[in-house]
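Hi,

Here is the structure I promised to pass on to you.

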Amino acid sequence: MSEASSPKREQVLRTGRELFWKFGFRRVTIEEICREAGVSKMTYYKHFTNKTDLVKTIMEGALKESLKKYRAIIDSKVPYPEKVVQMVELKREQVEHMSNEFFRDYMQSDDPEMVSFLHLMAEENLKMIADDFRKAQKKGDIRKDLKVEFLMYIMNHMIEMTHDPQLLDMYPDSRELVMEITNFLFYGILDREEHR
């Protein structure tokens with residue numbers, strides 16, 4: 001068995017994810033992770049250079065999981081409006097297990113390494129989404145008069161907006177903000193039931 005897939009490393013990842021999702025990653029210490037995971041600090045540092053490394057590894061794993069589900073939705077044969085509903089539900093599923101503290105830490109991180117990592121992740125996702133929007137547009141699923149570049153510009157700014165403390169203060173729970181942005185992006189200001 002390789003170092004990368006050792007049971008102790010997996011236990012640290014599982015424990016880190018549980019603690020970060022519940023309390024955010026700023027508050028949780030490496031000592032708490034080791035204690036809850038039942039591993040020594042030496043074992044922890046054998047697999048992760050610091051807490052940021054663990055957060056990034058967990059986020060990459062969560063992203064791969066989400067992308068797999070997203071691809072399954074996009075590649076399915078259901079009509080595009082149903083895909084939109086499924087994408088919104090996927091986003092809801094992703095955020096429901098994460099605490100408000102996690103979202104605050106995630107959205108307001110001032111760690112340059114973390115900011116760079118989050119920016120790169122968002123950039124890669126947006127490129128893939130733009131490609132999928134273009135394909136949907138060619139098939140007539142999305143308005144042909146809508147510039148995909150404009151849509152991506154708006155999405156980029158929506159992501160940037162999640163770092164704005166004034167906007168975050170409007171929502172007692174940061175997850176509500178994420179869902180508000182997702183719903184607004186896909187449904188605009190029209191009532192979804194009437195729009196159907």
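The axes of α4 and α5 come within 10 Å and cross at roughly 165° in this model, which is a predicted one. With angles over 145 degrees counted as roughly antiparallel, α4 and α5 are therefore roughly antiparallel to each other. Their crossing is right-handed. On the α4 side, the contact is made by Ser66, Lys69, Tyr70, Ile73 and Ile74; α5 brings Lys83, Gln86, Met87, Leu90, Glu93 and Gln94. Sorted by class, this contact has five nonpolar, three polar and three charged residues.

Next come α7 (residues 112–138) and α8 (residues 148–161), whose axes come within 10 Å and cross at roughly 150°. That angle makes α7 roughly antiparallel to α8, and α7 passes α8 in a right-handed crossing. From α7, the residues in contact are Ala122, Leu126, Ile129, Ala130, Phe133, Arg134 and Gln137. From α8, they are Val148, Glu149, Leu151, Met152, Met155, Asn156 and Ile159. The contact of α7 with α8 divides into ten nonpolar, two polar and two charged residues.

One more helix for your list is α6, which spans residues 100–107. Which of its residues are buried? They are Asn100, Phe102, Phe103, Asp105 and Met107. If you want to see what surrounds them, the buried residues of α6 pack against α1 (7–23), α4 (51–75), α5 (80–96), α9 (165–169) and α10 (174–187).

Technical notes
Residues numbered from 1 in each chain as written. Predicted model: local features only at pLDDT ≥ 70, side-chain atom pairs only at ≥ 80, totals over all residues. Heavy atoms only, no water. Axes fitted to C-alpha atoms, helices over the stretch in contact; angles between N-to-C directions. Helix = DSSP H or I, 4+ residues; strand = E, 2+ residues; numbered from the N terminus. Parallel < 35°, antiparallel > 145°, perpendicular 65-115°, else oblique. Left-handed = near helix turned anticlockwise from the far one by under 90°. Contact = heavy atoms within 4.5 Å. Nonpolar A, V, L, I, M, F, W, Y, C, P; charged D, E, K, R; others polar. Buried < 20%, exposed > 50% of the residue type's maximum accessible area, 1.4 Å probe, protein only.
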